[in-house]
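Please look over the sequence and the model first.

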Amino acid sequence: MTALLAPPAVPSDAALSPAAPAPSRLWTPKRVLVTRSAAERPHGQRVLARLEAAGVDAVEVLRGDRLPNLRGDGDRAAFMAAKDTLALVVPAPSKRELQPIPPSADWRVDLAEGCPAHCQYCYLAGSLGGPPITRVFADLDEVLDGLDAYVGRGAVTSGTLERGGEGTTFEASCYTDPLAIEHLTGGLSRMVEHFGTHDWAGPVQLRATTKFDDVAGLLTLPHGGRTRLRFSVNASSVDRRFEGATAKVPGRLRALSAVAAAGYPVGVTIAPIMPVEGWREEYGELLDGIAAAVPVGHDLTVECITHRFTPGSKETLLDWYPRTKLEMDETRRTTKRGKFGSVKHVYPKDTMAELRGWFERELPERLPGARLLYWT
């Protein structure tokens with residue numbers, strides 16, 4: 001495989017500057033906690049400057065590196081206070097030892113953990129413990145400096161027949177939505193520039209997915225075609241009922257169109273797919289909207305993820321959103337067990353086959369040339 005040591009050519013800024021869609025939603029935390037070590041890091045100082053520029057004044061720089069107790073009494077007010085809190089921290093050095101993240105990418109690289117959105121099916125409910133604050137990591141420079149050691153070592157895309165052309169892939173949105181906090185951190189932009197301009201030992205790709213639409217700051221970056229920006233999208237009724245405090249799907253599609261016009265390879269993550277009433281019509285309209293946003297022939301990928309939940313995530317989500325109408329009835333699901341005994345409730349075999357069959361028929365028809373990376 002030929003190494004990409006110089007960024008591939010992309011259109012000039014003059015040719016790739018569509019009018020950026022006005023962002024429909026920007027998050028302003030009500031409380032910001034900054035540990036001492038985070039305030040001393042270069043990236044931490046950049047984040048503090050952006051917070052000041054954004055008019056966030058409830059910033060508390062702590063004397064040490066331990067966050068105060070944020071659990072509260074476990075009531076709704078405590079949950080909302082946590083969701084409105086941003087913490088700028090330096091994680092343990094072990095965090096810099098990257099882990100594989102199948103089926104998405106070779107390696108998971110975290111800008112942050114936590115998300116300010118209110119998706120009632122949030123998978124972070126079963127993945128992250130403690131109060132749902134958004135923790136931004138101030139050691140981004142050190143993380144980027146350590147990525148060279150992982151190039152060519154992955155097993156999800158790197159060296160595989162199906163996805164080897166993507167090179168070594170790094171997923172930046174496993175435990176956060178990086179665009180949701182980009183106006184406050186600038187971390188995603190820094191990663192895009194690093195991937196686009198760094199002298200790598202082989203082909204690489206940064207991957208990030210989002211439910212937000214504030215892409216103006218990304219459009220003229222020297223991305224070199226090495227960042228794939230993906231937008232998480234869904235049927236209109238799922239978006240309307242369950243995806244609170246996000247940009248709505250039409251706004252995400254406008255952002256998708258803008259970044260495609262700026263020369264980025266792009267993608268859509270259709271997730272979580274649910275067999276809601278009229279699902280064929282709603283997902284058909286979604287695919288047509290994606291087709292209208294991305295020119296035929298542009299580098300477009302599709303990832304399809306059906307809805308699932310664990311006993312732990314169900315319990316947490318019902319604590320967070322006690323009035324949710326999200327279907328989480330174990331009697332209507334099939335139990336899937338992981339190799340370490342973990343339990344996951346997925347749709348029954350017949351439902352999964354019906355969903356998958358429809359998408360595998362409709363995707364080539366409505367999105368010709370798009371690549372389906374996986375179905376799960």
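Buried residues account for 54% of the 376 residues in the protein. The model is a predicted one. It holds 11 helices and 17 strands.

**Overall dimensions**
- The radius of gyration is 20 Å, close to the 21 Å that the globule rule gives for 376 residues, so the protein is as compact as a globular protein of that length.
- Along the principal axes, the C-alpha atoms fill a box of roughly 55 × 50 × 40 Å.
- The accessible surface comes to about 16,900 Å². Carbon and sulfur atoms supply 51% of that surface.
- Take the contacts between residues at least 6 apart in sequence: 79% of them join residues at least 24 apart.

**The sheet**
- An open sheet is built from eight strands. Their order is β4-β5-β9-β10-β11-β13-β14-β17, and the pairing is mixed.
- The edges are β4 (99-101) and β17 (371-375). Each has a single partner strand, so one side of each is left without a neighbour in the sheet.
- From one strand to the next, the twist averages 30 degrees.
- Strands β10 (residues 204-210) and β11 (residues 227-233) run parallel and are joined by five bridges.
- Thr-210 has its bridge partner in β11, namely Phe-231.

**Helices on the sheet**
- Helix α6 (residues 187-197) packs on the sheet, where it touches β9 (168-171), β10 and β11. The direction of α6 makes about 160 degrees with that of β10.
- Helix α11 (residues 349-366) lies across β13 (266-273), β14 (300-306) and β17. Relative to β17, α11 runs at about 170 degrees.

**Nonpolar cores**
- The largest nonpolar core has 84 residues. Ile-270, Tyr-283 and Ile-290 have the most contacts inside it.
- Helix α8 (residues 249-261) gives the largest share of this core, with seven residues.
- Another core, of 15 residues, lies apart from the largest one. Val-32, Leu-86, Leu-88 and Ile-181 are among its members.

**Contacts of Tyr-283**
- Residues up to four places away in sequence are not counted here.
- Tyr-283 touches Ile-270, which is also among the residues with the most contacts inside the largest core.
- Tyr-283 also touches Asn-234, Ala-235 and Val-238.
- Its other contacts include Pro-272, Ile-273 and Met-274, along with Trp-358 and Phe-359.

Terms used:
Residues are numbered from 1 along each chain as its sequence is written. This is a predicted model: local features need pLDDT of at least 70, side-chain atom pairs count only at pLDDT 80 or more; totals for chains, interfaces and linings use all residues. Side-chain values use heavy atoms; hydrogens and water are left out. Two strands pair if DSSP finds at least two bridges between them. Helices (H or I, at least four residues) and strands (E, at least two) are DSSP runs, numbered from the N terminus. Axes are lines fitted to C-alpha atoms, for helices over the stretch in contact, and angles run from 0 to 180 degrees between N-to-C directions. Contact means heavy atoms within 4.5 Å. The radius of gyration is taken over C-alpha atoms; the globule rule is 2.2 Å times the number of residues to the power 0.38. Buried means under 20% relative accessible area, exposed over 50%, partly exposed in between (1.4 Å probe, protein chains only). Accessible areas come from the Shrake-Rupley method with a 1.4 Å probe; for residues, only the protein chains shown count as cover. A nonpolar core is a set of buried Ala, Val, Leu, Ile, Met, Phe, Trp, Tyr and Cys residues joined through side-chain atoms within 4.5 Å.
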